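Let us take a friendly walk through this structure together. Have the sequence and the 3D view open, and follow along one residue at a time.

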Amino acid sequence: MFYFIATLRAQYEDNPLKNHRWFSISSGVNSMDYLSWQGMGTYSMRGESVLTQFRLAYSQELVKADGDSCTERHNRLAEAGVMWGDGWSGNKFYVTGSAGFGLNVRMFCRHNLYENKYLTVVTLGIPFQTEIGVMLTNRFGINLIGTANWNFRAPYFGGSIGAFWRLKKKK
């Protein structure tokens with residue numbers, strides 16, 4: 001007589017990014033105002049079940065549009081955001097994706113009938129971020145970062161190249 005016994009085994013495996021922390025500094029371009037440059041700092045940490053990222057970024061108009069009526073000042077955006085997501089890593093690389101909420105301070109020129117007015121407005125936003133990083137040493141590496149921020153004043157998408165420093169792993 002033939003007996004067939006099917007056995008299922010399930011063992012939870014920790015995410016390879018668990019308890020890792022790193023700080024990234026990057027620079028790139030985005031579509032905030034026609035074409036803008038962006039500088040950004042991000043602190044990332046992967047806990048038991050989720051990746052948390054804190055982002056501070058500054059964008060400024062780099063190239064003005066042909067029909068721009070306000071040419072004396074550049075439009076700018078300062079943002080602070082917190083995002084949640086997840087990622088995965090191998091021995092020499094990592095990939096992450098996250099989204100969250102943020103606070104944006106938008107400084108821009110508005111053309112009125114007789115003069116240009118430079119305004120500062122605070123608005124909420126939904127920041128998005130994806131990262132692909134490659135380790136060059138045990139702690140240092142380079143990364144490509146895709147960014148976006150959906151808000152009512154200056155939504156954008158863009159990309160940056162940067163460097164990151166992986167902090168000592170929490171126990």
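Predicted model: local features only at pLDDT ≥ 70, side-chain atom pairs only at ≥ 80, totals over all residues.

Arg55 is buried, with a relative accessible area of 2%. The side chain of Arg55 forms a salt bridge with that of Glu79, at 2.9 Å from N to O. This pair links distant parts of the chain, with Arg55 in strand β3 (residues 51-63) and Glu79 in strand β4, 24 residues apart. Glu79 counts as buried too, at 5% relative accessibility.

**The salt bridges**

How many salt bridges are there by the rule used here? The count comes to five. In general, side chains of opposite charge can pair when their charged atoms come close.

Next, find Arg46 and Asp86, whose closest N and O atoms are 2.9 Å apart in a salt bridge. Here again distant parts of the chain are linked, since Arg46 sits in strand β2 and Asp86 in strand β4, 40 residues apart. Is Arg46 buried or exposed? Arg46 counts as buried because its relative accessibility is 6%, under the 20% limit for that label. Asp86, on the other hand, is partly exposed, with a relative accessible area of 36%.

Arg106 and Asp33 also meet in a salt bridge through their side chains, 2.8 Å from N to O. The two belong to distant parts of the chain: Arg106 is in strand β5, while Asp33 is in the loop between β1 (21-30) and β2 (35-46), and 73 residues separate them. Asp33 counts as buried at 14% relative accessibility.

The table sets these pairs side by side.

| Pair | N to O distance | Places in the chain |
|---|---|---|
| Arg55 and Glu79 | 2.9 Å | β3 and β4 |
| Arg46 and Asp86 | 2.9 Å | β2 and β4 |
| Arg106 and Asp33 | 2.8 Å | β5 and the loop between β1 and β2 |

Elsewhere, Asp14, Lys18 and Glu48 are linked in a network of salt bridges.

**Around Arg106**

**The barrel**

Now zoom out to the strands. Eight of them form a closed barrel in the order β1-β2-β3-β4-β5-β6-β7-β8, with antiparallel pairing. From one strand to the next, the twist averages 25°.

One example to find is Val105, whose bridge partner in β6 is Val122.

**The nonpolar core**

In soluble globular proteins, nonpolar side chains tend to be buried together. Which residues make up the largest nonpolar core in this model? There are six: Leu17, Trp22, Leu51, Tyr94, Met135 and Phe164.

Leu17 is a handy guide to the surroundings. Leaving aside neighbours within four places in sequence, Leu17 is in contact with Trp22 and Tyr94, and also with Arg46, Gly87, Trp88, Ser89, Val95, Thr96 and Arg166.

**Loops and backbone**

Some residues outside the strands are worth a stop. Asn91 is found in the loop between β4 (76-89) and β5. Is Asn91 buried or exposed? With a relative accessible area of 76%, Asn91 is exposed. Asn91 and Pro16 are 75 residues apart in sequence, and their C-alpha atoms are 8.9 Å apart in space.

Asn19 lies in the segment before β1 and has a phi near 65°, a positive value in a residue other than glycine. At 21% relative accessibility, Asn19 counts as partly exposed. Tyr34 has a positive phi as well, near 60°, again in a residue other than glycine. Tyr34 is in the loop between β1 and β2 and counts as exposed at 55% relative accessibility.

Technical notes
Residues numbered from 1 in each chain as written. Heavy atoms only, no water. Core = buried A, V, L, I, M, F, W, Y, C linked by side-chain atoms within 4.5 Å. Buried < 20%, exposed > 50% of the residue type's maximum accessible area, 1.4 Å probe, protein only. Contact = heavy atoms within 4.5 Å. Helix = DSSP H or I, 4+ residues; strand = E, 2+ residues; numbered from the N terminus. Salt bridge = Lys/Arg side-chain N within 4 Å of Asp/Glu carboxyl O. Pairing = 2+ DSSP bridges. Axes fitted to C-alpha atoms, helices over the stretch in contact; angles between N-to-C directions.
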